Amino acid sequence: MDMIAYGFSEYGGPDTEYLLDLPVPEPGPGQILVAVRAAGVNPADWKVRAGNRKDTVQTTLPAVLGREVSGTVVLVGSGVDEFAVGDHVFGGTASGYGGYAQYTVLNASSTAHKPDSVSWAAAATLPVAAGTAYDAVRSLAVTAGRTVLVLGAGGGVGSAVLQLARADGVDVVAVASAGKREWIESLGARFVESGSDIADAVAGPVDGIVDLVGGETLRAAATAVGPGTPIVSVADPVLASEWGGSGVVRDRTTAAFARLADLTATGVLRPRIDHVFPLVRAGEALALVENGHSLGKVVVEVR
Ligand SMILES: NC(=O)c1ccc[n+]([C@@H]2O[C@H](COP(=O)([O-])OP(=O)(O)OC[C@H]3O[C@@H](n4cnc5c(N)ncnc54)[C@H](OP(=O)(O)O)[C@@H]3O)[C@@H](O)[C@H]2O)c1
């Protein structure tokens, strides 16, 4: 049986993307085949297509784009006891498989059950952006009443960092572009417009930085808050290491994803999804994310 997917056949720009007609994959041991309902769209997707992730992401061309999905289990590989045909699940795609497709393969160890109260679209955004945010907030370990500075606060990861930190009672100073002010303030953070003088904008001590932008934005913020401030950079770990900071160590286990599902079901995490595209228009979805300034999350709806 064949399926429709969206991917690329050579590394390069958006012009390398197209709709693919591929055989439905088969799950191996420890894996499940999922009929995809929704796929999350992330900057990592275009970075893989551009060839920036050749060292870390196993890719056979033509490759299907996307790293995370929600959907219904249609086949179970050997050795999988936790999931059965018909289960509603979400997770990160297994190495060599993509999410912008009618069917994809997940490792059972990186899959969790989707609560009924969490939408297909919201569940599809949890493994990458919300998961990264959770791991970054935990690794920074800033406690209630302390202050964290978030750079790139209005994107997929940043907005989840805001929600998780506020739920922990942490004060958040959130740097983003002007159009995101109202939303960021509604999440209980103090808004600072991108490009402002951080030293002026931050009225008191900063106990940690979560960086989703990197480059000059991180350099300026780290310089402004001074040496010794813990930094976790999702976007630019090499630069963060110049100030003693680090990247984020991801936890992609079933337990971690189940925790994200609970946090969403209980309203602590509220993924904002303003843009939903059908699979045949996945290129428009990725272009929005590649533009770098989308509000919240972008999702490809498959069925
Ligand atoms: N290592 C990992 O496991 C991992 C996981 C997830 C993400 N990431 C990386 O983390 C970064 C953020 O991911 P995301 O999903 O949150 O992306 P996103 O939704 O596109 O958000 C990125 C944010 O960065 C801000 N931004 C972009 N260019 C900027 C600039 N020149 N100056 C200031 N702000 C700028 C944008 O804010 P404004 O629109 O307000 O300007 C936007 O809200 C990406 O580089 C992604 O590849 C890494």
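Which residue in strand 9 does valine 148 stand opposite? In this predicted model, where residues are numbered from 1 along each chain as its sequence is written, local features need pLDDT of at least 70, side-chain atom pairs count only at pLDDT 80 or more, and totals for chains, interfaces and linings use all residues. Side-chain values use heavy atoms, with hydrogens and water left out.

The residue opposite valine 148 is valine 172 in strand 9. Helices (H or I, at least four residues) and strands (E, at least two) are DSSP runs, numbered from the N terminus. Strand 8 (residues 147-151) pairs with strand 9 in the parallel sense over 5 bridges; two strands pair if DSSP finds at least two bridges between them. From strand 8 the chain passes through helix 4 to strand 9, and this β-α-β crossover is right-handed, a term used if, with the strands pointing away from the viewer, the path from the first strand over the helix to the second runs clockwise.

Strand 9 (residues 171-176) is mostly covered, with 5 of its 6 residues buried. Buried means under 20% relative accessible area, exposed over 50%, and partly exposed in between (1.4 Å probe, protein chains only). Strand 9 also pairs in the parallel sense with strand 10 (residues 190-193), over 4 bridges. Here valine 173 has arginine 190 of strand 10 as its bridge partner. Strand 9, helix 5 (residues 181-186) and strand 10 form a right-handed β-α-β unit.

Oxygen atoms of the ligand lie 2.8 Å from a polar backbone atom of glycine 156 and 2.7 Å from a polar side-chain atom of serine 177. In the side chain of histidine 293, an N or O atom is 2.8 Å from an oxygen atom of the ligand. Taken alone the ligand exposes 910 Å², and the protein buries 79% of that; accessible areas come from the Shrake-Rupley method with a 1.4 Å probe.

A further sheet is open, with 3 strands in the order 2-1-4 and antiparallel pairing. Its edge strands, strand 2 (17-23) and strand 4 (63-64), each pair on one side only. Strand 1 (residues 2-8) and strand 2 run antiparallel and are joined by 7 bridges. Phenylalanine 8 stands opposite glutamate 17 in strand 2. Glutamate 17 counts as buried because its relative accessibility is 11%. The side chains of glutamate 17 and tyrosine 6 are joined by a polar contact of 2.8 Å (a pair of N or O atoms within 3.5 Å; within protein, one must be able to donate a hydrogen and the other to accept it, and residues adjacent in sequence count only if both atoms are side-chain atoms).

Glycine 226 is found in the loop between helix 7 (215-225) and strand 12 (231-233). Glycine 226 counts as buried because its relative accessibility is 16%. From C-alpha to C-alpha, glycine 226 and tryptophan 243 are 9.0 Å apart in space, and they are 17 residues apart in sequence.
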